[in-house]
Every structure is written in structure tokens, then in C-alpha cells.
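Dear colleague,

I am passing on the structure below, and after it you will find my notes on what came out of the analysis. Please read them with the model open beside you.

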Amino acid sequence: MMRITLKQLSIFKAIHNSGQISKAAKALHMSVPAVSMALKELESSLGSRLFDRNSNGLAINDSGTVILPYANEMLSKGMQLEQIFVEKTNGVRGTLKVGSSKTAGNYVLSRKIPLFKKNNPFVDIKLVVEDSITIEKMVSEKELDLGFIDAKPASKNLSTKQWIKDDICIVAGAANPISSTSVCPSSLSKELWVLEQSSSISRARAIQLLKSAKINIEQELTMTTMGAIKRAIGTGIGISVLPWLAVVEEVKRGDLVKIELEGWEHCRHYWSIYGEDEALSELAAKFLNFCYAK
């Protein structure tokens, strides 16, 4: 008879996350022999090794990859069960794992989460900020309870709902001469464009929008973060394509200026996602409603 415990699965997850038994033991406040024994017991129950050794420690193998989403789901269900009974006696409390794409995470949820925490002091919310594809995958694999992404998800096993809308803007520093003149595609083509690194989805979207406006970039700088881009163009040199959510505070302060180009009207929608086959916990549902409230 197969006997698999939640403790074994949590140890399996910790080893997967850290890549080493010693690091997993430290994270779980357990001894190395106890963690090693639990892994052996789990592998014995399943009749298969779950990790392969490499130069850095342990790497999940094909068998481990198969059970990973099941482990995530079972651990999530266990936490939900505990939370249900805690909530019944002590009100809403517990831990919520939320994932978000960069703009929504850095400029919307980073403000909403402290406000939610203020009204729900016994709640712990962990925010993961990654690209939308990564967040969608983590929600699908039960790594996260809720996700907020900047494109409608492709996964079929997710519940989705449109969240907020954001304009995509051309922006420059207030000291940039172009901020006080009328512009056209030709004049904008000659500017220095400061965009996200070449491998990013945001840069690909920006290039596509610029091409549709007949703007052909002649000079370009790439940077890894929106914060760096905003500071760069804030010097008065260079312009960029950025979400309004990311620049609204700087525009209000007068550090940056939104450049008006005839025919430029672009926006994107954000979506909330969670597992389609799961009923949201009271905590998750309350936080989701809070995020949709004005």
C-alpha cells in the first residue's frame, strides 16, 4: 500500500527549490539525515528516483517533474484545509501566494498589499514578480494561489477575469527639448530610444507598436529595468515606450512628460487568474475582491 505524506511532499518541494538536501534541511529547520531519509522513503513509495545528481547538487528528473504539480496541489489543499478551520475560529488569516507581471506587481499590487494587510493584520501575502508567462505557469502548476498578468492566459485550466486597463505611452524627460515641441514619426525616429533588454517581451511589444506608427529606431539603448529606463530618460536625453501605470507618478511630479503623437492610442488589459478546478479560499476571494474594488 502506497503511503505518501504531506511532510514528504513538502521536503520534496524544498529540495527541488534549493537543489541541495543541506539547504532544504536548513529551510525546513530539520536535520540533514531526516530530510535525506524522508526523500528516500518517498522515492521508495513511488518506486522511482526523483532527482539526479549534478555538479551543483540535485536536479529534478522526469519522474520528479511528473509528481511536482500533484505535490503542489496536495500541499495547497492541505494549507487550505488548515486555513478553513483557523478562519472559522479566528477570522480571516493565513498565507496567500500571489504572482504578478512586472508592471502590475511593482506599481499596483505593491500598493494594494500593504493596505490589505493593514485591514487584515493576521494575513501574510507573498508577492512574486515575474513575466506573465512565468506567472501563468506557476498558477497552473499550483505554485501560486492567484496571478495577475498583462495578457489573456493561454492555459485552459485557469479561471480568468479582466482586471484593469493601462495605456502604453511615449514618454520623455521634462528637460528633453522634444517634450515641448510637436512631433511626427520622422522626428521621433531620430531620437535616442531607451528600451528594455533585447530578450524581453516588453521590448518586442514596444518595437511592434513603434513600427505600426512608422517610427524606425536609429539609435537605441537597452536597460534591464523600468526604473533604470525612467532615470535615464529623466536626464533629458532619450525617450521610451512605457506603461502609464509605471510613469504616472513621475508625470504628476513633472519629471517626465507624455509625448502626444497623432494616431497613437495603445493600451493593454491585465487579467486575474487562478486554478479553474479549485474553489478559492476565503482569504484568496477576499483579496481578489479587494483588488477589483475602486
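Just after α10, glycine 254 adopts a positive phi of about 90 degrees, where helices (H or I, at least four residues) and strands (E, at least two) are DSSP runs numbered from the N terminus. Before going further, please note that this is a predicted model, in which local features need pLDDT of at least 70 and side-chain atom pairs count only at pLDDT 80 or more, while totals for chains, interfaces and linings use all residues. Residues are numbered from 1 along each chain as its sequence is written, and side-chain values use heavy atoms, with hydrogens and water left out.

Helix α10 itself covers residues 244-253, and within it Ala246, Val247, Val248 and Glu250 are buried, a word that stands for under 20% relative accessible area, with exposed meaning over 50% and partly exposed in between (1.4 Å probe, protein chains only). The cover over these buried residues of α10 includes α5, β6 (158-173), α9 (226-233), β9 (239-243) and β10 (256-259). Arginine 253 is exposed, at a relative accessible area of 54%, whereas aspartate 255 counts as partly exposed at 35%.

**The chain as a whole**

The chain contains 11 helices and 11 strands, and its C-alpha atoms fill a box of roughly 75 × 50 × 35 Å along the principal axes. Of its 294 residues, 44% are buried. Among the contacts (heavy atoms within 4.5 Å) with a separation of 6 or more, 74% come from residues 24 or more positions apart. The accessible surface, computed by the Shrake-Rupley method with a 1.4 Å probe, comes to about 15900 Å², and carbon and sulfur atoms contribute 54% of that surface.

**Strand pairing around β6**

Strand β6 pairs with several partners, where pairing means that DSSP finds at least two bridges between two strands. With strand β11 (residues 266-275), β6 runs antiparallel over nine bridges, and leucine 158 has glycine 275 of β11 as its bridge partner. Five bridges join β6 to β9, again in the antiparallel sense, and a further four join β6 to β10, also antiparallel.

The structure holds eight salt bridges. One of them joins glutamate 143 to lysine 13, with the closest N and O atoms 3.5 Å apart. Glutamate 143 lies in the loop between α6 (132-140) and β5 (146-149), and lysine 13 in helix α1 (residues 6-18), so the pair ties together parts that are 130 residues apart in sequence. Both partners are buried, glutamate 143 with a relative accessible area of 17% and lysine 13 with 12%.

Another salt bridge brings together the side chains of glutamate 220 and arginine 203, at 2.8 Å from N to O. Glutamate 220 belongs to strand β8 (residues 219-223) and arginine 203 to helix α8 (residues 201-212), so this pair ties together parts that are 17 residues apart in sequence. Glutamate 220 is partly exposed, with a relative accessible area of 31%, whereas arginine 203 is buried, at 18%.

**Two buried serines**

Serine 101 sits in the loop between β3 (94-100) and α5 (102-119), and it is buried, with a relative accessible area of 2%. Leaving aside neighbours within four places in sequence, the contacts of serine 101 include Val129, Glu130, Ser132, Phe148, Asp150 and Tyr270.

Serine 189 is placed in helix α7 (residues 185-189) and is likewise buried, with a relative accessible area of 6%. Not counting residues up to four places away in sequence, serine 189 touches Lys214, Ile215, Asn216, Ile217 and Glu218. Serine 189 and tyrosine 70 are 119 residues apart in sequence, and their C-alpha atoms are 51 Å apart in space.

Methods. A salt bridge is a side-chain nitrogen of Lys or Arg within 4 Å of a carboxyl oxygen of Asp or Glu.
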